[in-house]
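Biologist: Before I use the words that describe this model, I would like to know what stands behind each of them. Could you take me through them with care?

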Amino acid sequence: MNSDQPPAVAGGVRPDEASAHTIATPSGRRPGPGLLQDDTGGTPPLRPGAAHGLSAALGAATLLAASASFFVPGVLEGPAVTRGNLRGTALVLMVLAVPLLFASMSFAARNSARALVVWLGVVAYIIYQAVLFLFGTPFNSLFLVYVAMLSLALWSAAALMRQIDLGEFSARFDERLPARRIATYAFVIAALNALVWLRTIVPAMLSDAPHAFLDGSGMTTNPVFVQDLAVWLPLLMVAAWWLWKARPLGRLIVGALLVLLVVEGIGVATDQWFGAGADPGTPFASMAAVPLFAALAVIGMVPLLVYLRHLEAGGGEASRSTR
């Protein structure tokens, strides 16, 4: 989602090569007044650009797509379980993702680095779900709205990545950020997720009826497998390596993907509830999965909150003067 050549910071140092060292306050951190509020002042980590406008349009398109999918009878087609799953996803988009998007945009405009992480993570979540609405359900009357949701989310992510000053963003961390422990968590999540998908994919590929595991789903392939294995899990592993090596780009992307993982855990728990309720006998949704994914969302909150605790706690202008 970013250029191979990030923009330079003062002194000609590329932000992905800049030192990760910052100066902490005497207590080690300066607690902010809230989760998304700024605590440091100084130069804003977000440069002027189109990100706010694009994401405002994204929020409107997502709210329209999700509300119509959830409330309008007959819009979603396909098997009952698929319709149930996507209605659950639509509910999470309406009541969690869109409010988080607008809140994070607002706080980012007030110089909050934490809000930038949440903003980028929510945009990533919307990208993920837009793909499912486009490829996980039969063509319907909301097709162009789903396309708009995907397009605006992709362009919002690109604009954000271009506008974020990685050097300034990295300076907002204190020196006690447990980067390698968070990176290890990211590696483990990516590896376990890949293994779970491959446990279904590899036997299916070697069987005489490779598509049999999709029977009853209404899909010709699984868009979750496609985007997880092609995009999100490799991105999580690469970003975790960058975080391990103290690169600012890794700090940003891992934080955003931690947000994605938490919201996705809530989303999957909800879509399993709706899917199993729509078709209790289906193998594609289960009430037993609801507490499992809710627990995974709670577990995922731990590294995310640790990460956010050490963001906005750096020395701001003082830290940059020492790099």
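This is a predicted model: local features need pLDDT of at least 70, side-chain atom pairs count only at pLDDT 80 or more; totals for chains, interfaces and linings use all residues.

Biologist: How are helix α3 and helix α7 packed, and which residues make the contact?

Modeller: Helix α3, residues 113-135, and helix α7, residues 223-244, pack at an angle of about 145° with their axes 10 Å apart, and their crossing is right-handed. On the α3 side the contact is made by Ala124, Ile127, Tyr128, Val131, Leu132 and Phe135, while α7 contributes Pro223, Val224, Gln227, Asp228 and Trp232. These residues divide into nine nonpolar, one polar and one charged.

Biologist: Why is the pair of Tyr128 and Trp232 called tilted?

Modeller: The structure holds nine aromatic pairs. In this one the ring centres of Tyr128 and Trp232 are 6.3 Å apart, and rings count as a pair if their centres lie within 6.5 Å. Their planes stand at 40°, whereas stacked requires under 30 degrees and edge-to-face over 60, so the pair of Tyr128 and Trp232 is tilted. The pair links distant parts of the chain, since Tyr128 belongs to helix α3 and Trp232 to helix α7, 104 residues apart.

Biologist: How do you know whether Tyr128 and Trp232 are buried or exposed?

Modeller: Buried means under 20% relative accessible area; Tyr128 has 6% and is therefore buried, and Trp232, with 7%, is therefore buried as well.

Biologist: What makes the pair of Phe173 and Tyr307 edge-to-face?

Modeller: The ring centres of Phe173 and Tyr307 are 5.4 Å apart and their planes are at 70°; because planes over 60 degrees apart count as edge-to-face, the pair of Phe173 and Tyr307 takes that name. Phe173 lies in the loop between α5 and α6 and Tyr307 in helix α9, so the pair ties together parts that are 134 residues apart in sequence. Both Phe173 and Tyr307 are buried.

Biologist: What makes you say that the charged end of Arg87 sits over the ring of Phe70?

Modeller: The charged end of Arg87 is 4.3 Å from the centre of the Phe70 ring, and the distance limit for such a placement is 6 Å, together with a limit of 35 degrees from the ring normal. The ring of Phe70 is also linked by ring pairs with Phe71 and Phe274 into a cluster. Elsewhere, the charged end of Arg110 sits over the ring of Phe107, 4.9 Å from its centre.

Biologist: How do you know whether Asn111 is buried or exposed?

Modeller: Asn111, in the loop between α2 and α3, has a relative accessible area of 11%, and because buried means under 20%, Asn111 is buried. Phi of Asn111 is near 80°, a positive value in a residue other than glycine.

Technical notes:
Residues are numbered from 1 along each chain as its sequence is written. Side-chain values use heavy atoms; hydrogens and water are left out. Axes are lines fitted to C-alpha atoms, for helices over the stretch in contact, and angles run from 0 to 180 degrees between N-to-C directions. Helices (H or I, at least four residues) and strands (E, at least two) are DSSP runs, numbered from the N terminus. A crossing is left-handed if the near helix is turned anticlockwise from the far one by less than a right angle, and right-handed if clockwise. Contact means heavy atoms within 4.5 Å. Ala, Val, Leu, Ile, Met, Phe, Trp, Tyr, Cys and Pro count as nonpolar, Asp, Glu, Lys and Arg as charged, and the others, Gly among them, as polar. Rings of Phe, Tyr and Trp (its six-membered ring) pair if their centres lie within 6.5 Å; planes under 30 degrees apart count as stacked, over 60 as edge-to-face and the rest as tilted. Buried means under 20% relative accessible area, exposed over 50%, partly exposed in between (1.4 Å probe, protein chains only).
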